[in-house]
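Thanks for making time this morning.

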Amino acid sequence: MARKKREEEKGIEGGWINTFADLMNLLLCFFVLLFSMSTVDADKYEQLVTSMSERINIFDGGGNSVGQGPFVTVGTKQVVALSQYFNEFSTSGSSDDDNENSKQNSELGTQPIDESIEKKVEEKKAEEQKKKAEAIYKDVAEAARKSNIEDEITINTDKNNQYVQISLNGGILFDSGQAALKSSAKSLLNKVGDILKMYEKHMIKIEGHTDDVKITGGTYRSNRWLSTARATEVLEYLVDKKNLKPSSLEASGLGEYYPIASNKTAKGRAQNRRVELKIYTDNKKDSK
């Protein structure tokens, strides 16, 4: 009877292996269920799989003591396969994203600038500027003709069509070496002021010029000082007598440094003594 009892005990020696294998499969299902309900963080999940692999791999070294049951072997292979799956998933996902970003950056970085379009925009802007200058020139010339002063002033535009210029002879406006307006010049300035009132929304620059004859003594120590005083005198007259807005006017003196004729002749020096009023084509709001 004793021998039969020992044989019965030997027959149930490996029964716990089935229970352990079922536990591993349940554990695996549990983690797969968690994964299906969560958002995958590739880095954190890789750490989790690595940790699980390290724990499960103890069976490889302890196979002699616990046996190589079919469920243990299958469970281990499933964990390894799961690890490979998520490694491939994270790698392929990041690779696709990187490739897409790289492609977009490459397209943006290598996209050529259409120089022809930029050139056309510049040409269109220049054409509009030219039309504005031509319109102002035409209106100023017509107003001068109606006021009978077309022979007393010179009207022109600059090569870039930025402004229309009215040039007044300095000999008509001032006595030699002086910055006080002649009485005879006020009638001319009144008519010029009426023209300028049409362009109060535009910037108007008043520039004084002289010949290159040096000043000795007198009120002004140099031609630049004299030219500045003359430009300022014209500005103040237009503000005080013609009610032009001071914010639209700007005065400066350029001395003898921008001649339009030779200073070697009396006629050329007379032409260089002048006051120029520049009406800019863009109004003040557009130029800001």
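Let me begin with the salt bridges, by which I mean a side-chain nitrogen of Lys or Arg within 4 Å of a carboxyl oxygen of Asp or Glu; by this rule the count comes to 9. Before the individual pairs, a word on the source: this is a predicted model, in which local features need pLDDT of at least 70 and side-chain atom pairs count only at pLDDT 80 or more, while totals for chains, interfaces and linings use all residues. Residues are numbered from 1 along each chain as its sequence is written, and side-chain values use heavy atoms, with hydrogens and water left out.

One of these salt bridges joins K132 and D282, with the closest N and O atoms 3.2 Å apart. Because K132 lies in helix α7 (residues 115–146) and D282 in strand β5, this pair ties together parts that are 150 residues apart in sequence. Helices and strands here are DSSP runs numbered from the N terminus, a helix being H or I over at least four residues and a strand being E over at least two. K132 is partly exposed at a relative accessible area of 35%, and D282 is also counted as partly exposed, at 25%. For these classes, buried means under 20% relative accessible area, exposed means over 50%, and partly exposed lies in between, with a 1.4 Å probe and protein chains only.

A second pair, R145 with E142, meets at 2.6 Å from N to O, and since the two are 3 residues apart in helix α7, about one helical turn separates them. R145 has a relative accessible area of 45%, which makes it partly exposed, and E142, at 33%, is partly exposed as well.

Then there is K278 with E207, whose side chains meet in a salt bridge at 3.0 Å, again N to O. K278 lies in strand β5 and E207 in strand β3, so the pair ties together parts that are 71 residues apart in sequence. Are these two residues buried or exposed? K278 counts as buried at 10% relative accessibility, and E207 counts as buried, also at 10%.

Strand β1 runs antiparallel to β2 (residues 163–169), and 5 bridges join them. I155 has I166 as its bridge partner in β2, while N156 stands opposite Q165. These two strands form a hairpin with 5 residues between them, and N161 in the turn has a positive phi of about 60°.

Strand β3 (residues 202–209) is mostly covered, with 6 of its 8 residues buried. Which strands does β3 pair with? It is joined to β5 (residues 274–283) by 7 bridges in the antiparallel sense, and to β4 by 5 bridges in the parallel sense. I204 illustrates both pairings, standing opposite I279 in β5 and opposite L249 in β4.

Turning to the helices, in α9 (residues 186–196) the buried residues include L188, L189, V192, G193, I195 and L196. They cover an arc of only 155° around the axis, which puts them on the same side of α9, the arc being that of the directions from the helix axis to the C-beta atoms.

Finally, two loop residues deserve a look. N148, in the loop between α7 and β1, has a positive phi near 60° without being a glycine, and is exposed at a relative accessible area of 59%. N243, in the loop between α10 (223–242) and β4, likewise has a positive phi of about 60° although it is not a glycine, and is exposed at 55%.

Definitions and conventions. Two strands pair if DSSP finds at least two bridges between them.
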